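Here is a short tour of a protein structure for you. Have the sequence and the 3D view side by side as you read.

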Amino acid sequence: MNNTCIWILAFEGFGREREALEETVLLRYEKSLTYLSFFLLQQHTTFFTLIRYCIFQITQKKKTFASFFSLLSKTKSTAEMALSRLSSRSTTLLQPFATTSLLRRRHISTDTTPITVETSLPFTSHLISPPSRAVETSSQELLSFFRDMALMRRMEIAADSLYKAKLIRGFCHLYDGQEAVAIGMEAAITKRDAIITSYRDHCTFLGRGGGLFEAFSELMGRTTGCSKGKGGSMHFYKKDASFYGGHGIVGAQAPLGCGLAFAQKYSKEEAVSFTLYGDGAANQGQLFEALNIAALWDLPAVLVCENNHYGMGTAEWRSAKSPAYFKRGDYVPGLKVDGMDALAVKQACKFAKEHALKNGPIILEMDTYRYHGHSMSDPGSTYRTRDEISGVRQVRDPIDRVRKLIIAHDIATEKELKDMEKEVRKEVDAAVAQAKESPIPEPSELFSNIYVKGFGAESFGADRKELRATLP
Amino acid sequence: IREKMWGILRQRGIDGGGLSLRRTRSALVSARSYAAGSKEMTVRDALNSAIDEEMSADPKVFVMGEEVGQYQGAYKITKGLLEKYGPERVYDTPITEAGFTGIGVGAAYAGLKPVVEFMTFNFSMQAIDHIINSAAKSNYMSAGQINVPIVFRGPNGAAAGVGAQHSQCYAAWYASVPGLKVLAPYSAEDARGLLKAAIRDPDPVVFLENELLYGESFPISEEALDSSFCLPIGKAKIEREGKDVTIVTFSKMVGFALKAAEKLAEEGISAEVINLRSIRPLDRETINASVRKTSRLVTVEEGFPQHGVCAEICASVVEESFSYLDAPVERIAGADVPMPYAANLERLALPQVEDIVRAAKRACYRSK
């Protein structure tokens, strides 16, 4: 194995001195990727024991990164966190994950007393001072994060099966892996703040208050869907919750979102618009056109780049000369956030909202990852390795992160969380079953909603002498 | 400087307002007593007054485009609006059609009523994705949740000597899209009524003006000058009644068709001239009713002939009124070439009155 070098630094202290040593800790695996991991060890594991163990595993060349990690974790005591970070060609710094403390066992708690948690990584910023890493949360919030993210995850997995069963047709772009962005954002904003996103919109819809039944009905083209079956996977909307879709054209949502912000400023609403786009859309010209106008006119626009590192099948380093998307705004300040950490996302969105209301546009880059391919017709493994995907799933999964936080803060037990997941699964299965029974749209729906006011104009089917309608 | 401007305007309003009011009152009185005919108004003033009145009636209406504010409008259509309504209602944009059109559509999603100006519709191609995919289709894709009450307006078609990239007519392109409404005024009354209707309309409207018509004056009725005046969308106007041949057209070509009708009348052919006003929805009823009366059809447009507006009208008439036709349908359109610059070639590339006359005569079996 070339390019493998291991330095693992284990020490017995906690606190600030640790940070100074982090820069020298590197673990690399495989030529194509760089993983950086840092293992916080408890006091009784000696340094030399660990080194001997690691070297043994690596030289064996038998274990994948994922199983290597799980082996290593078994040698630790209960309070241990690991962090893995995906990076392109350059090495990046390691930062410690949240520290944990052993608390007395408590029953499953839903209280709102503030708990302060540190984000996994500090925020990197451009033209602005970053917010603090200390995020205030509560048991109730953490549990809601867990449940909502588990619901989103389950929904996307169910959509995967439905697509393979040919009940969902056309395009289906799944969001699993990126749930923390949707959840963290919702925790920081209100339903008066607007959200607009791309075609990867199922979970954003759910986060805005959309129902599972409406979502599955829409995916299966039933009249009970949120767009009455006429939109499909890419066109979910929920205007009463200020969710403006659901857009199929890459990058189109960028100026549209700045337009929403324009309307909020015009109507003096004291609200902001969050425009989500991917690393693929980040190179679109219309985005820079919209940013220019947003910055000129001080629009309360927050542009959120959900950087999952692949624009369809092309890795970010192959499509962007500068993949530092948070800096691409040039004169617009930016913040880079660990998008797999719901609390970091929450902190960043809260910070961004305050900034946008006072000072105009800001860019947030969410470093995130999607487990599925670009869409259901993309296996997702021709341009990245399965080991990379499983590696991220093992080490950076947003739901597991919150699960560990909950367990570490003694808010719920592992079994209780597993029960919650089972409940969520049942909920999703019930919604799927109900949606499967729902009716398909009436043929007359072909001609509805073309105009708000049709003035009696005529519309035609394929054979205009056979099928025509008057638009009301 | 802005404060000074406001100060001056206010002063004028207080001191000069009373005076000017007296002046206009007396002018109106004299008009009533002396003028037998109606007033005249240029298309430019008609459009300006329409936007002005709609902005004053609805605070959600705002204007956005290149040079619409401080420059008073590239063609002076938005003259005086910035001074009257301020920079919060009239926005000068950078030269970035895709960006500002998308912003306009986004503002419309949120319930505002933008009037987006394209300096010419040739530049709308840079923003066409937003016009079609973000605006036209949204109401349908969202099953009625998101409607887009936006107006895209600007000069369309050929001007004089501006060359290939600045002379295309987009009526056929936009009128083929379900979800859009496409209007094309001819006279000042059309301009006022249709623009007011377009701004009030809850759906996206593409409003195709014509640069060469801006300076033309037309008689305008008192009714059309009223601030609540509106023309119905989807209804064509019979500009001249006739019984021998129906000439259907829109925008500048209406003027040419009327001149052609005069020439045809001298030769004993009575031509009915229909001004479409609305390309989408197309008033098939009026067209077909007229053809059933005259049995002959000549369609005229400035744009490219293939897959054009005329092609649609001809198809519609052949489908619905086949047994009424006494002659093949005739199409007069712009030449099937990019617009040349040389004056003589440009003349050959555009329909002229003689072309319309010749086609009408052909339809009447009177050609040589």
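In which sense, left-handed or right-handed, does α10(B) pass α14(B)? The crossing of α10(B) over α14(B) is right-handed; by this convention a crossing is left-handed if the near helix is turned anticlockwise from the far one by less than a right angle, and right-handed if clockwise.

This is a predicted model, in which local features need pLDDT of at least 70, side-chain atom pairs count only at pLDDT 80 or more, and totals for chains, interfaces and linings use all residues. Residues are numbered from 1 along each chain as its sequence is written, chains are lettered from A and ligands numbered from 1 in the order in which they are written, and side-chain values use heavy atoms, with hydrogens and water left out.

**The two chains**

- Chain A comes to 14 helices and 16 strands; helices (H or I, at least four residues) and strands (E, at least two) are DSSP runs, numbered from the N terminus.
- Of the 472 residues of chain A, 58% count as buried, where buried means under 20% relative accessible area, exposed over 50%, and partly exposed in between (1.4 Å probe, protein chains only).
- Among contacts in chain A between residues at least 6 apart in sequence, 71% join residues at least 24 apart; a contact means heavy atoms within 4.5 Å.
- Chain B has 14 helices and 14 strands, and 58% of its 368 residues count as buried.
- In chain B, residues 24 or more positions apart make up 80% of the contacts with a separation of 6 or more.

**Helices that pack together**

- Two packed helices are described by the angle between their axes and the distance between the axes.
- In chain B, the axes of α10 (residues 252-266) and α14 (residues 353-363) come within 9 Å and cross at roughly 55°; axes are lines fitted to C-alpha atoms, for helices over the stretch in contact, and angles run from 0 to 180 degrees between N-to-C directions.
- α10(B) and α14(B) are therefore oblique to each other, since angles under 35 degrees count as roughly parallel, over 145 as roughly antiparallel, 65 to 115 as roughly perpendicular and the rest as oblique.
- On the α10(B) side the contact uses F256(B), A257(B), K259(B), A260(B), K263(B) and L264(B), and on the α14(B) side V353(B), I356(B), V357(B), A360(B) and K361(B).
- These contact residues of α10(B) and α14(B) divide into eight nonpolar, no polar and three charged; Ala, Val, Leu, Ile, Met, Phe, Trp, Tyr, Cys and Pro count as nonpolar, Asp, Glu, Lys and Arg as charged, and the others, Gly among them, as polar.
- In chain A, α8 (residues 253-266) and α9 (residues 285-296) pack at an angle of about 20°, with their axes 8 Å apart.
- That angle makes α8(A) roughly parallel to α9(A).
- α8(A) passes α9(A) in a left-handed crossing.
- The residues that touch are A254(A), P255(A) and C258(A) from α8(A), and Q286(A), L287(A), A290(A) and A294(A) from α9(A).
- By class, the contact of α8(A) with α9(A) has six nonpolar, one polar and no charged residues.

**Helix length and burial**

- The 18 residues of α11(A) (residues 342-359) should span 26 Å at 1.5 Å a residue, and the end C-alpha atoms are 25 Å apart, which agrees; the expected span is 1.5 Å times one less than the number of residues.
- α11(A) is mostly covered, with 13 of its 18 residues buried.
- Just after α11(A), G360(A) takes a positive phi of about 95°.
- Twelve of the 13 residues of α8(B) are buried, so this helix is largely enclosed by the rest of the structure.
- T204(A) lies in α6(A) (residues 202-207) and is buried, with a relative accessible area of 4%.
- Leaving aside neighbours within four places in sequence, T204(A) is in contact with I195(A), T197(A) and F243(A).

**Backbone details to look up**

- Most residues other than glycine have a negative phi, and most peptide bonds are trans.
- A cis peptide bond joins G245(A) and G246(A), with omega about 25°.
- Another cis peptide bond joins R280(B) and P281(B), with omega about 0°.
- K76(B) has a positive phi of about 65° although it is not a glycine, and K76(B) lies in the loop between β2 (61-65) and α3 (81-85) of chain B.
- At 32% relative accessibility, K76(B) counts as partly exposed.
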